[in-house]
Amino acid sequence: MCKSVFLMLPKKEGATECSLHRTISLMSHLTKLLLRIIMIRIRGKLRPEISNNQFGFVEDRGTRNAIFTLSMIIERAIEMKKDLYLCFIDYSKAFDRVRHDELCKILNSTDIDGKDLRIVRNLYWEQTAATRIDDEISEYKPIKRGVRQGCVLSPDLFNIYSEMILRNIYDLKGIRIGGVNINDLRYADDTVLLAESESELQAILDVVTDASMEMGLDLNAKKTECMTTSKNADPLHVQSNQQR
């Protein structure tokens with residue numbers, strides 16, 4: 001039950017580099033069944049810890065809700081003649097970079113039953129995996145980090161992991177809508193940071209970058225982009241990839 005096989009799926013046709021492939025984990029049906037039972041048991045304990053800004057893998061929410069919310073924020077900012085600065089951050093191999101020791105500390109701080117925690121710890125922390133290419137399978141090796149893509153429990157585990165990072169910017173100024181301060185919107189590991197000025201956006205980005213590095217996640221500078229929306233006649237200019 002602790003064994004799995006990794007398949008490398010190309011993100012685009014003709015991909016030859018490892019970075020252009022997505023790793024999917026194949027597990028036994030018994031393992032999937034057990035993990036689904038655990039997911040149902042612990043989800044009620046994890047969901048209250050997740051911010052309302054998270055739209056990924058959350059009941060009654062999805063990409064359409066996140067896009068609609070961002071559109072409404074942009075429209076309201078333009079209506080109120082406020083400049084809006086946005087930074088779309090991207091993590092390098094986010095699901096594969098999760099540190100097991102940090103994740104264990106986070107789960108221990110929740111109200112999850114100790115028996116369920118031990119099952120999760122044993123299935124993840126003691127796992128071994130092999131890579132299959134065509135019909136050949138490599139030797140099984142221990143996996144020291146990451147949550148398995150293809151596992152029903154991974155989205156919830158990653159959401160609570162990333163929540164600990166984004167909590168560091170909770171009090172930083174973003175844009176205020178209806179008396180509520182909003183400085184980020186998320187869909188799993190895809191995150192947009194929001195602010196009313198370039199300096200405030202940079203301050204939020206600095207905190208996210210440092211907190212992410214402490215948790216083992218690295219921002220992908222090539223895919224991190226910034227944009228602005230404004231009602232002013234002269235367009236605002238923000239340099240892309242402001243990550244330090």
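A search of the whole structure finds one cavity of 30 Å³ or more. On a 1 Å grid over the protein atoms alone, a cavity is a set of points where a 1.4 Å probe fits but cannot get out. The largest cavity holds about 40 Å³ of space, a volume being the space filled by probe spheres set on the points, which are joined across faces, edges and corners. The model is a predicted one, in which local features need pLDDT of at least 70 and side-chain atom pairs count only at pLDDT 80 or more, while totals for chains, interfaces and linings use all residues. Residues are numbered from 1 along each chain as its sequence is written, and side-chain values use heavy atoms, with hydrogens and water left out.

Cys104, Leu107, Leu117, Val120, Arg121 and Trp125 line the largest cavity; a lining residue has an atom within 4 Å of a point. Helices α3 (100-108) and α4 (114-125) each supply at least two residues of this lining, and α4 gives the largest share, four residues. Helices (H or I, at least four residues) and strands (E, at least two) are DSSP runs, numbered from the N terminus.

A pocket is an open set of points with protein on both sides within 12 Å along at least five of seven lines. The largest pocket has about 640 Å³ of space. Its lining comprises 28 residues, of which Lys11, Arg22, Tyr91, Lys93 and Asp189 lie nearest its centre. The elements that give two or more residues to this lining are β2 (21-26) and α5 (154-166).

Because 12 of the 13 residues of α5 are buried, the helix is largely enclosed by the rest of the structure. Here, buried means under 20% relative accessible area (1.4 Å probe, protein chains only). The buried residues of α5 pack against α1 (29-46), α3, α4, β9 (184-187) and α6 (198-214).

Strand β3 (residues 84-89) is also mostly covered, with five of its six residues buried. Five bridges join β3 to the antiparallel strand β11 (residues 225-229), where threonine 228 is the bridge partner of tyrosine 85. Five bridges likewise join β3 to strand β10 (residues 190-195), again antiparallel, and isoleucine 89 stands opposite threonine 191 in β10.

Conventions:
Buried means under 20% relative accessible area, exposed over 50%, partly exposed in between (1.4 Å probe, protein chains only). Contact means heavy atoms within 4.5 Å. Two strands pair if DSSP finds at least two bridges between them.
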